[in-house]
Amino acid sequence: MVRFENVGLRYGNGPEVLRDLSFELAPGSFQFLTGPTGAGKSSLLKLLYLSERPSRGLITLFGEPLSKVPRDRLHELRRRIGVVFQDFRLLDHMSAYDNVALPLRIAGHGEKHIKEAVTELMEWVGLSDKMGALPATLSGGQKQLIAIARAVITSPSLIVADEPTGNIDRDMSMKIMRLFIELNKQGTTVIVATHDWPLIDKIKRPMLELFEGKLAEASWWLKPGEGLDEPV
């Protein structure tokens with residue numbers, strides 16, 4: 001699914017913010033990405049969802065070396081990746097329904113299919129009564145649930161979540177993590193960046209740990225369900 005080989009990243013002429021990263025994520029795995037503030041978690045996620053390209057090293061995604069993928073084909077790979085941002089990035093002038101529907105509209109799906117898919121997802125995240133609500137009227141947890149629904153509406157192969165529980169309470173955090181676990185059970189590869197150690201300890205999934213741009217600990221070829229406990 002994902003392979004990094006001696007990957008480094010720098011912005012402009014500055015120092016490397018990521019150095020010598022080598023790891024693999026197997027299809028259907030669930031992985032935490034952790035480390036202190038400034039360790040490079042967001043930069044690593046940007047490489048995963050193709051917002052940035054590495055300064056050196058090799059990234060292979062869905063079996064394709066990114067160095068050999070022309071820029072005009074990157075959108076094909078991006079469609080297979082769902083991204084959940086810490087700051088939600090919802091469009092304030094659109095209803096919750098229209099925010100979730102947006103990726104399908106961009107992809108050219110018909111309104112009948114969009115209505116069925118969005119309604120089903122809004123029910124799945126427990127917000128079927130908020131479809132007409134504007135983001136400004138929603139709580140932080142509700143906004144994050146809408147952001148998750150938008151990220152998974154196209155049935156991506158890989159979900160990348162950047163601090164998805166950073167601005168919400170513990171009960172909502174656990175609800176969101178259970179949604180990610182359910183997506184993972186359905187075969188989606190999931191990587192969640194967080195510095196919430198109690199949450200990591202409770203969920204008990206493998207992790208990658210960054211420190212000053214380098215990998216402190218990595219799990220190689222993680223198999224679905226291997227050594228994992230269900231959250232309580």
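In the predicted model, strands E1 and E4 run antiparallel and are joined by 5 bridges. Within this pairing, arginine 3 stands opposite threonine 60 of E4. On E1, pairing also involves E2, to which E1 is joined by 6 bridges, again with the two strands running antiparallel; here valine 7 has leucine 21 in E2 as its bridge partner. The hairpin that E1 and E2 form has 5 residues between the strands, and glycine 12 in this hairpin takes a positive phi near 60°.

Strand E4, which comprises residues 56–61, pairs in turn with E5 in the antiparallel sense, over 2 bridges. Threonine 60, the residue that stands opposite arginine 3, has proline 65 in E5 as its bridge partner. The hairpin of E4 and E5 has 2 residues between the strands, and phenylalanine 62 in this hairpin takes a positive phi near 55°.

Taken together, these pairings give an open sheet of 4 strands, in the order E2-E1-E4-E5, with antiparallel pairing. Strand E2 (16–25) and strand E5 (64–65) lie at the edges of the sheet, each of them pairing on one side only. Helix H1, formed by residues 41–48, packs on this sheet and touches strand E1 (2–10) as well as E2 and E4, the direction of the helix making about 125° with that of E1.

A further packing arrangement concerns two helices. Two packed helices are described by the angle between their axes and the distance between the axes. For helix H3 (residues 96–106) and helix H4 (residues 111–124), the axes come within 10 Å and cross at roughly 130°. The crossing in which H3 passes H4 is right-handed.

On the H3 side, the contact is made by Ala96, Tyr97, Val100, Ala101, Leu104 and Arg105, which meet Glu111, His113, Ile114, Lys115, Ala117, Val118 and Met122 of H4. By residue class, the contact of H3 with H4 divides into 9 nonpolar, 1 polar and 3 charged residues.

Note on methods: Residues numbered from 1 in each chain as written. Predicted model: local features only at pLDDT ≥ 70, side-chain atom pairs only at ≥ 80, totals over all residues. Heavy atoms only, no water. Pairing = 2+ DSSP bridges. Contact = heavy atoms within 4.5 Å. Axes fitted to C-alpha atoms, helices over the stretch in contact; angles between N-to-C directions. Left-handed = near helix turned anticlockwise from the far one by under 90°. Nonpolar A, V, L, I, M, F, W, Y, C, P; charged D, E, K, R; others polar.
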